[in-house]
Structures are given as structure tokens and as C-alpha cells.
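Subject: Structure handover

Hello,

The structure is below, as promised.

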Amino acid sequence: MMAAKQSGRRANRTPKGRNRNTSWLIGLLIGIVGGAGMALVYPAPSTDIMKIQARDWYQSMRDLVTPSAAPGGGTTGMPQVYAAPPIGLPPEADTDEVLDIENVSELVNVNAPRPDTEQLTRALNTEMGELNLNNRMVVVDAATGNTLYDAGGQDQIVPASTLKLFTAATVLEHLDTDHRFATSASYSTDSGVVLTGGGDGLLATGEGTGETMGYAGLADLAEKTWDSISDQFSAGDNLTVDVWADVSRYNQPWVHPGWSESLMTGGWISPIYPMNTFGGFYVNPRTENTAVEDGAVHATAAYARHLTALAEADSMNIEFSYAGQQTRSNDLEAVATVRSAPLGQQLEYAMKQSNNMLFEMFGREAALAAGNSPDFDGTAATMQSTMGDLGISTENLQFVDNSGLSPNSRATLNSMVQLYDVMLADEQFRPVFHALTVAGYDGTMRNRMAEAPYSGIVRSKTGTLEVASSNAGMTVTADGRALWFAVNTTGAGEDYAAARAEQDRLVQVLTDCGCQTE
């Protein structure tokens with residue numbers, strides 16, 4: 001981290017596109033992370049580089065076979081991984097340093113052939129002709145960046161939740177992965193207690209869990225607050241103390257006018273405040289997935305109840321009661337603070353679960369870091385300018401929100417694969433690849449393509465609205481070549497399963513196709 005920048009914020013840097021002089025490293029990384037290898041057309045990397053990237057691939061495959069603790073706590077459950085590994089499963093090692101250049105050659109195919117463009121086009125066109133819906137698709141060779149198939153890649157499409165890829169890149173451009181969001185409390189005899197939101201949407205209503213989900217707990221914050229202010233009360237007091245929610249960090253409107261009422265009533269989103277619990281749920285969604293109607297009210301009311309219980313435990317008759325919201329920041333000094341899990345962990349959780357609330361909050365935090373207004377206009381401007389800085393064509397991009405809930409946002413399939421290419425070339429964006437959902441294993445792809453050879457191999461970000469459905473990510477061909485793909489489907493209406501099935505079929509054809517000339 002550079003000493004000259006503010007804590008948690010990324011230093012300014014010169015925008016750059018893909019550096020072709022490092023394409024051998026990019027190709028190798030794709031092969032490792034995706035579970036297959038690349039054509040070796042550039043000078044071989046150093047032994048140290050191969051150790052680092054191979055270790056990354058080893059851990060990825062180990063986690064698929066025996067999942068480690070999930071970022072949100074617990075595990076992702078028993079994996080449904082049926083695809084054969086590229087060559088062999090990673091060996092168990094006493095230490096990470098055991099890996100060397102010889103291990104890599106046994107586990108990663110570095111000479112996988114690239115599909116023939118004509119053969120691939122014929123296979124995909126044939127499949128598209130047998131499908132019922134309107135599908136667009138782009139396929140790009142990950143090692144070289146060459147487009148192998150393009151059916152509507154530059155058309156404006158409704159991205160749905162694949163828009164979260166653009167939000168993820170934007171927030172990682174402006175904030176470090178180790179950035180933590182602070183939730184604080186202040187007190188004065190005139191105003192009472194003020195709970196100030198600092199961007200943490202994963203607050204626990206009780207004690208902090210120490211995990212990504214609920215890392216910072218409102219019960220812990222209440223205890224710290226009471227320890228600081230309890231000497232200002234006495235056992236003889238019979239008081240009601242106001243507890244306010246300071247939501248001034250973000251600007252209104254809290255809800256986008258383009259979001260349908262059904263999104264609100266269905267629990268897909270609620271007002272965007274700088275504090276929320278469990279990603280917008282009353283309790284940890286692993287237990288129950290009832291969405292909160294107002295995160296600021298719910299968080300502050302829970303915090304107030306903890307304060308009341310602490311006062312009662314000290315034999316004081318003091319009721320701390322939720323009093324409302326403050327939309328202007330106060331000048332009171334914080335008496336207690338709790339901090340979230342690092343941004344990188346929150347981002348991975350949000351990507352896997354496609355959590356709309358968290359991505360709207362991430363967008364506002366990126367806007368603040370970029371010096372823009374923390375509202376829908378400011379976040380859209382931040383995303384648009386960031387894409388331009390990263391070398392992504394912005395001609396057909398139109399960002400309305402940060403979650404992809406609005407049917408008025410626009411992107412292109414080409415911009416999605418371009419974004420993957422740029423993110424891979426810059427280490428600061430690598431967390432996005434670890435956050436992609438894995439077919440047959442976790443997140444929104446857990447129950448899709450859950451059979452060999454796709455499960456555990458296809459990794460992507462999905463998106464579903466009534467007007468359009470998308471899927472963008474990476475697969476590995478039968479010959480071991482890693483390819484970017486992006487698919488957009490329209491015409492299904494509310495038959496979401498039909499849209500997903502057609503997208504999956506196209507990706508299956510792509511994965512099955514070695515597509516080599518005879």
C-alpha cells in the first residue's frame with residue numbers, strides 16, 4: 001500500500017489496457033484458475049511465477065473437492081463436482097513451498113489447442129438454430145484475446161445482474177480489498193444516541209460472528225457504547241433516551257424510481273442506507289431469508305434494544321428507543337466503533353449470492369472514494385468513467401443502478417469479455433475471479449450444469465430479469481483451452497428456467513467442442 005494515499009483507498013494510477021508483453025502470464029493464470037491450460041506461445045514464465053499461480057489453482061481445486069470455510073460462515077455444503085480435473089487432482093502438500101516447476105507440468109496442460117473459428121461457429125450456430133428464444137453470444141480466447149464467435153456482441157442488451165461485474169471492477173479500482181466499513185455511535189444529553197452508518201451492509205444484530213456475514217455486531221457496539229456513557233446515568237434515573245439512525249453518508253433517493261414495486265415487496269431490494277443487517281435480511285439468510293423493509297430502522301432498533309438490556313443489567317431504568325433518521329451529519333465525536341470484514345471478503349460473498357443491497361452500497365462507497373456524490377447519479381458516473389479509464393468501450397454502456405435490477409441499464413456482451421480481459425491483466429481485480437459462481441457447486445450456478453464435464457469447470461456471473469437473462473464467465477474446452485463467454489437471452493418473460501436452460505446448452509456446446517479441423 002502506498003503511503004501517500006488515504007487508508008483503504010486506492011492510489012491514483014495511469015489507466016492501462018492489456019499488456020501483450022505479459023500475455024504468457026495471463027494465459028497461464030487463466031489455465032490455472034479455470035482448471036486447464038493455455039497454448040504456450042510466449043516465453044515461459046519464471047519458476048517463481050509458476051509456483052504462485054499453480055498454488056492458486058491447487059487451492060481452487062481442493063476447495064471444490066473439499067470445501068473450506070465459506071466467506072459467509074460455515075461451508076457451501078457438499079459440492080456437486082463431477083467434472084474430471086484437467087490432468088490430476090492437486091497433491092496434498094505439507095507446505096505451500098513444496099510446489100515446483102515439475103509439479104506444474106504434471107497438473108496443467110500448457111499446450112491446449114485453440115478451437116478452430118469455423119468449426120466453433122458451425123457448432124454454436126447449429127445449436128442456436130434449434131433453440132426457441134432469442135440468444136446473443138460472444139466467445140473469446142482467454143490466452144490471446146481473439147474473438148472466436150460473435151453473434152450480437154456489440155448490441156445493447158439489458159445486463160441484469162451481470163452488471164455487478166462492472167460495479168465490482170469499479171469498487172476495486174477505488175478501494176483496497178482490505179478496506180473495512182466503520183459503524184459508530186455518539187452521544188450527547190441533547191440529542192441522545194446516534195448510530196452512524198459507514199457502509200457496512202452485513203452487520204449482525206447480535207454479537208459479531210468473526211465471519212464475513214455479521215463480522216461486526218450491533219450488540220458489541222452497544223456494549224462499547226454503554227461502557228463509554230454509562231457513568232452519565234444513575235440508578236435512580238427513569239428515562240427514555242432517543243436513538244437516531246444517521247444515514248447522511250448516502251444521498252437520497254433511497255430507492256430508484258425505475259425499480260418495480262414487486263422488487264420491493266418480493267424482498268429483492270430495500271431502501272439503500274449506509275447500514276444494513278445480514279445483507280438486507282432480518283437474520284443470517286442461511287437460517288431464514290426474510291428481507292428487511294428498512295435496514296436503518298431494523299439495525300438501529302436492534303442496537304437500541306441491546307442498550308436497554310445493558311442498562312437494565314446495571315439496575316438502571318433507562319429505555320433506549322428508536323427515534324428516527326438523521327439525514328444531516330452531526331459533529332458529535334464517536335464513543336464506540338465496530339468495523340466490517342474486509343471489502344474483498346464482502347465482495348466475494350455478494351458476488352456468489354448476487355446480493356443487490358450490497359452492490360448498491362459498494363457503488364456508493366466507490367463514488368465517495370472517487371469524489372462523486374453517493375447516489376444513483378454519482379455511482380453511474382463513477383462506473384462510466386472507471387470503465388473508460390480501464391480501456392472498456394463505453395459507447396453502448398448505460399448504468400442506471402449498481403445491482404442490475406433496473407431494466408433500463410445497458411451493456412454489451414463485448415464489454416463484459418473485455419472487462420474480464422482487463423481484470424485478469426491487473427492483480428487488483430483478481431478477487432472477482434475467485435468470486436465467480438461455480439457450476440454445480442455454489443451461488444447462483446449451484447443447480448446449473450451440475451454434471452460432468454461442466455460442474456466445477458464453468459465459472460460465471462449470472463443475471464435474471466423478466467426482460468432479459470445473462471450469463472458471462474469462463475469455461476474450458478474438451479481440449480483444455482480456457483475461453484471467455486457471454487450470453488444474453490430475451491423472449492422468455494417470466495419463464496426464467498427456459499432462459500437459463502438455453503444459456504446452459506450453449507455453454508455446454510462450447511465446453512464440449514474441441515472444434516479442431518480434421
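Asn-355 caps the N-terminal end of helix 10, with a side-chain oxygen 3.1 Å from the backbone nitrogen of Met-357 (a polar contact is a pair of N or O atoms within 3.5 Å; within protein, one must be able to donate a hydrogen and the other to accept it, and residues adjacent in sequence count only if both atoms are side-chain atoms). This is a predicted model, in which local features need pLDDT of at least 70 and side-chain atom pairs pLDDT 80 or more, while totals for chains, interfaces and linings use all residues. Residues are numbered from 1 along each chain as its sequence is written, and side-chain values use heavy atoms, without hydrogens or water.

Helix 10 covers residues 356-370; helices (H or I, at least four residues) and strands (E, at least two) are DSSP runs numbered from the N terminus. Of its 15 residues, 13 are buried (under 20% relative accessible area, 1.4 Å probe, protein chains only). Gly-371 follows helix 10 and has a positive phi, near 85°.

The sheet is open, with five strands in the order 8-6-4-3-9 and mixed pairing (two strands pair if DSSP finds at least two bridges between them). Strand 8 (317-326) and strand 9 (334-339) are at the edges with a single partner strand each, so one side of each has no neighbour in the sheet.

Strand 4 (residues 192-196) and strand 6 (residues 238-246) run parallel and are joined by four bridges. Leu-195 is opposite Ala-245 in strand 6.

Regards

Technical notes: The expected span of a helix is 1.5 Å times one less than its number of residues. Buried means under 20% relative accessible area, exposed over 50%, partly exposed in between (1.4 Å probe, protein chains only).
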